[in-house]
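Here is a short report on one protein model. Look at the fold before reading on.

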Amino acid sequence: MAWRRGDGRGKAAPEVVSITGASRSHSDDLDRRINRYLISMLIRTICVVLVVVIDSPVRWVFAVGAVGLPYVAVVLANARGERHSPPPPVPTPVPHPAITDVRSGDAPGRSGQ
């Protein structure tokens with residue numbers, strides 16, 4: 001296992017290694033898409049209210065937002081989650097010393113009889 005220095009206090013922290021290239025679960029992806037849609041519709045609602053309340057040329061900026069945001073919200077809601085990244089490289093095996101045959105008389109803790 002690879003170790004690296006921690007925060008300078010002499011403690012060693014294990015290096016975090018990703019073991020999978022799997023994407024998020026379907027329910028997590030769906031939750032994120034729903035949240036993006038709701039936030040976009042909230043911004044649109046604010047734009048509609050500001051179109052009615054504000055009496056200046058800035059009103060047209062909010063009108064464009066109120067008309068254009070539903071399209072953007074639907075596109076964002078239908079966009080899939082993260083793209084799959086390539087899988088992490090396969091770690092090289094660490095060689096371990098071979099276990100040698102031990103005769104019963106040479107084993108530690110035995111009397112040799």
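Which helix does Ser40 lie in? Ser40 belongs to helix H1. The model is predicted, so local features need pLDDT of at least 70, side-chain atom pairs count only at pLDDT 80 or more, and totals for chains, interfaces and linings use all residues. Residues are numbered from 1 along each chain as its sequence is written, and side-chain values use heavy atoms, with hydrogens and water left out.

**Overall.** The protein chain has two helices and two strands, as DSSP runs (helices H or I, at least four residues; strands E, at least two) numbered from the N terminus. From the N terminus, the order is β-β-α-α.

| Property of the protein chain | Value |
|---|---|
| Residues counted as buried | 11% of 113 residues |
| Accessible surface (Shrake-Rupley, 1.4 Å probe) | about 10,000 Å² |
| Share of that surface on carbon and sulfur atoms | 63% |

**Helix pair.** H1 (residues 26-53) packs on H2 (residues 59-78) at about 165°, with axes 8 Å apart. Axes are lines fitted to C-alpha atoms over the stretch in contact, and angles run from 0 to 180 degrees between N-to-C directions. The two helices are therefore roughly antiparallel (over 145 degrees). Residues making the contact (heavy atoms within 4.5 Å) include Ser40, Met41 and Arg44 of H1 and Leu69, Ala73 and Leu76 of H2. The contact residues divide into 17 nonpolar, three polar and four charged. Here Ala, Val, Leu, Ile, Met, Phe, Trp, Tyr, Cys and Pro count as nonpolar, Asp, Glu, Lys and Arg as charged, and the others, Gly among them, as polar.

**Ser40.** Ser40 is buried, at 8% relative accessible area (buried means under 20%, with a 1.4 Å probe and protein chains only). Beyond its neighbours within four places in sequence, Ser40 contacts Leu69, Ala73 and Leu76.

Notes
Parallel < 35°, antiparallel > 145°, perpendicular 65-115°, else oblique. Buried < 20%, exposed > 50% of the residue type's maximum accessible area, 1.4 Å probe, protein only.
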